[in-house]
Each structure stands twice: as C-alpha cells, then as structure tokens.
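Here is a friendly briefing to read alongside the model. Keep the viewer open as you go through the topics.

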Amino acid sequence: MNNLTSINSILMVRLITGKPKLSATLERTHKQIAYANGADESFVRAPSAKLFETKNNAIGQVNNLINGMGLYLKKRGMSVPDFDGTTYQQAINADEIQLEFDKRKDQIDGLLREVHENYQSYVNEGHKHISGFRDEVQWPTADEFVNGYKFELKWLGQPQSIENSVLSAVSSETAARVRASSEQAVSQMLLEAHGGTIEAAIREMGDTIEALTKGSRLRQERFDRLETCMDDLRNKNWLNLPELDSIIDALKPCIVGADTLPENHQRRDHAKKLAEAKRTAEKTLTDLGL
C-alpha cells in the first residue's frame with residue numbers, strides 16, 4: 001500500500017448486470033426420456049430449448065453491449081478478488097468509464113424499446129424454431145422480458161481499511177486487531193489483483209510454448225497476445241512492484257514476429273526462452289505470496 005502515490009488514485013467500480021430468461025427446460029420431454037430408458041430422472045440432465053433468436057437482432061445487440069462493458073472494465077482495470085463484477089480502476093479514468101457506460105445505457109434503452117414494440121415477432125420466431133416443443137414452455141410477457149435486463153454502474157469509492165470511528169464501541173484490544181486485519185486485507189486484495197495480471201501472462205506463455213513445440217500452425221496473434229500481457233504488466237502495476245519489471249524484462253525478447261520462426265528447431269529454441277520467462281513469472285507469484 002505504501003507504494004501507491006495516493007490511495008485516492010484507485011476506485012472500486014461494480015457493474016451490475018442481468019438478463020431475462022432466454023431458454024426454458026423441457027420438463028415433459030425430460031420425464032419421457034427418463035421413463036423410456038428406465039432411468040431416474042434426477043440423474044438425467046433435462047433438455048432445454050432456446051426461446052429467442054439472439055443473433056443479428058436487437059436482443060443480441062443488447063447482450064453484446066452488456067457483455068462488452070464488463071470486458072471494457074477488465075481491460076482498463078483489475079478484478080477485485082472475491083467481489084464478482086467489481087474492478088479496481090484508476091480515478092483518472094472515471095470520466096471515460098462513466099461516459100462509456102452512459103453511451104451503452106442509451107443504446108440499450110433504445111434497443112429494448114424496439115424489442116418491446118416488436119416483441120410478438122420475436123416470440124413467433126421462437127415458435128417456428130422449436131416447433132412441437134412450443135407447448136412445453138411459456139414465454140414471458142413483453143414487460144417481463146424487457147424488465148429482466150439490468151445494467152447499472154456503482155462507484156464504491158476507495159479501497160480502504162476500517163476507520164477508528166467505526167470501532168469506538170468495542171474494546172481497544174479488539175479494535176486494534178480489527179484495524180490490523182482490515183489493513184492487511186485491503187493490501188492483500190490489491191496485491192492479488194496485480195497477481196491476476198501475472199497469472200494471465202503465465203497462461204498465455206504456456207499456450208504459446210505449446211504452439212511452438214507441438215508443430216501446429218504458429219499465428220502472429222499468439223505473440224500479439226503476449227505483447228498485450230506485457231503491456232498490462234507495465235500499465236497496471238499501480239503498486240509499482242519491481243517484481244513485475246523482472247517479468248517484463250524476461251518476456252520482452254520473446255515477443256517476435258511469427259514469420260521469424262519458420263523452422264522447427266528455431267521454434268524449440270524460442271520455446272526454451274519463453275519457458276524461462278514463464279518460470280520468472282511463476283517465481284514472482286511465489287515471492288509475492290500469491
């Protein structure tokens with residue numbers, strides 16, 4: 001925590017999302033399948049049917065806008081450990097993040113109005129695709145479907161330990177223990193968030209090593225993703241951890257053009273170099289207690 005220029009430079013942001021029911025279980029068919037095969041239906045997975053087409057239409061666009069906001073936040077920030085949908089973000093990016101959310105919210109609201117106005121056509125499309133199964137399921141009403149979507153952004157402020165004023169009613173011994181635990185938890189959560197960028201780099205290095213040694217086609221995208229991981233290690237090192245610099249130094253020479261490794265022996269040699277960088281990253285996780 002002492003490595004932060006200011007604790008106020010980091011905010012926690014929670015994205016709350018929800019979607020309506022897009023599919024339904026075929027209960028009657030489930031029972032028929034189990035009975036016909038002499039099986040206990042609780043041991044047989046029930047089949048399901050899609051209720052709506054979600055490609056190349058307004059419903060699909062809404063889903064993409066919602067999913068894309070989550071990816072946007074993860075790209076710019078780091079996931080808060082054990083808090084689903086919550087990321088650490090730099091305060092300097094708050095305006096940009098809020099504008100992105102507002103833009104998507106306006107688009108979603110417009111698309112949902114379109115879905116509501118033409119809802120029966122979406123239901124009819126579903127009827128056509130599931131044919132004889134249509135009598136087994138019930139479609140939500142237009143209001144139920146549209147209201148099933150949630151898209152909210154909550155700013156949770158700075159990650160900080162428990163203040164003394166909150167502990168005024170407890171004994172000094174307990175207060176000291178709670179404060180120490182709280183400070184350690186805040187520091188550890190930020191450290192674990194940094195560990196997430198290291199783990200992502202380790203996974204990508206492992207996948208690239210496999211591609212180099214298995215004789216499969218070597219695509220440039222492999223090295224582009226490694227470069228993205230290296231950029232994340234550099235740009236998201238908000239605690240200024242020198243250990244992350246050692247990973248960057250080891251990884252940087254491994255990022256080359258795929259066309260510079262046409263021969264198998266070149267790929268094997270490069271895989272060894274990348275394996276060394278991967279070991280550096282893994283050791284860093286261990287050294288940081290992650």
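**Salt bridges and pockets**

Glutamate 282 counts as partly exposed because its relative accessibility is 31% (buried is under 20% relative accessible area, exposed over 50%, and partly exposed in between, with a 1.4 Å probe and protein chains only). This is a predicted model, in which local features need pLDDT of at least 70 and side-chain atom pairs count only at pLDDT 80 or more, while totals for chains, interfaces and linings use all residues. Residues are numbered from 1 along each chain as its sequence is written, and side-chain values use heavy atoms, with hydrogens and water left out.

- Glutamate 282 pairs with lysine 278 in a salt bridge, at 2.7 Å from N to O; the term stands for a side-chain nitrogen of Lys or Arg within 4 Å of a carboxyl oxygen of Asp or Glu.
- Both glutamate 282 and lysine 278 belong to helix 9, where 4 residues, about one turn of the helix, separate them. Helices (H or I, at least four residues) and strands (E, at least two) are DSSP runs, numbered from the N terminus.
- A salt bridge also joins arginine 279 to glutamate 276, with 2.7 Å between the closest N and O atoms.
- Arginine 279 and glutamate 276 are about one helical turn apart, because they are 3 residues apart in helix 9 (residues 264-287).
- Arginine 279 is partly exposed, at a relative accessible area of 46%, and glutamate 276 is partly exposed too, at 43% relative accessibility.

**Other salt bridges**

- The whole structure holds 12 salt bridges.
- Lysine 105 and aspartate 109 form one through their side chains, at 3.0 Å from N to O.
- Helix 3 (residues 94-117) contains both lysine 105 and aspartate 109, 4 residues apart, about one turn of the helix.
- Lysine 105 is partly exposed at 27% relative accessibility, and aspartate 109 is partly exposed at 26%.
- A network of salt bridges links Glu100, Lys103 and Arg104.

**The largest pocket**

- On a 1 Å grid over the protein atoms alone, a pocket is an open set of points where a 1.4 Å probe fits, with protein on both sides within 12 Å along at least five of seven lines, and lining residues have an atom within 4 Å of a point. Grid points are joined across faces, edges and corners, and a volume is the space filled by probe spheres set on the points.
- Its lining has 20 residues, and Ala193, Gly195, Gly196, Thr197 and Ala200 are the closest to the centre.
- Strand 4 (78-79), helix 6 (172-213) and helix 7 (220-235) each give two or more residues to this lining, and helix 6 gives the most, with 8 residues.
- By class, the lining of the largest pocket has 7 nonpolar, 6 polar and 7 charged residues (Ala, Val, Leu, Ile, Met, Phe, Trp, Tyr, Cys and Pro count as nonpolar, Asp, Glu, Lys and Arg as charged, and the others, Gly among them, as polar).

**The second largest pocket**

- About 220 Å³ of space lies here, lined by 16 residues, with Gly70, Lys74, Asp84, Gly85 and Thr86 nearest the centre.
- Strand 1 (10-18), helix 2 (58-76) and strand 5 (86-90) each supply at least two lining residues, and helix 2 gives the most, with 6 residues.
- The lining of the second largest pocket divides into 6 nonpolar, 7 polar and 3 charged residues.

**Asparagine 237**

- Asparagine 237 sits in the loop between helix 7 and helix 8 (242-251).
- Asparagine 237 counts as buried because its relative accessibility is 9%.
- Leaving aside residues up to four places away in sequence, asparagine 237 touches His194, Asp232, Leu244 and Asp245; contact means heavy atoms within 4.5 Å.
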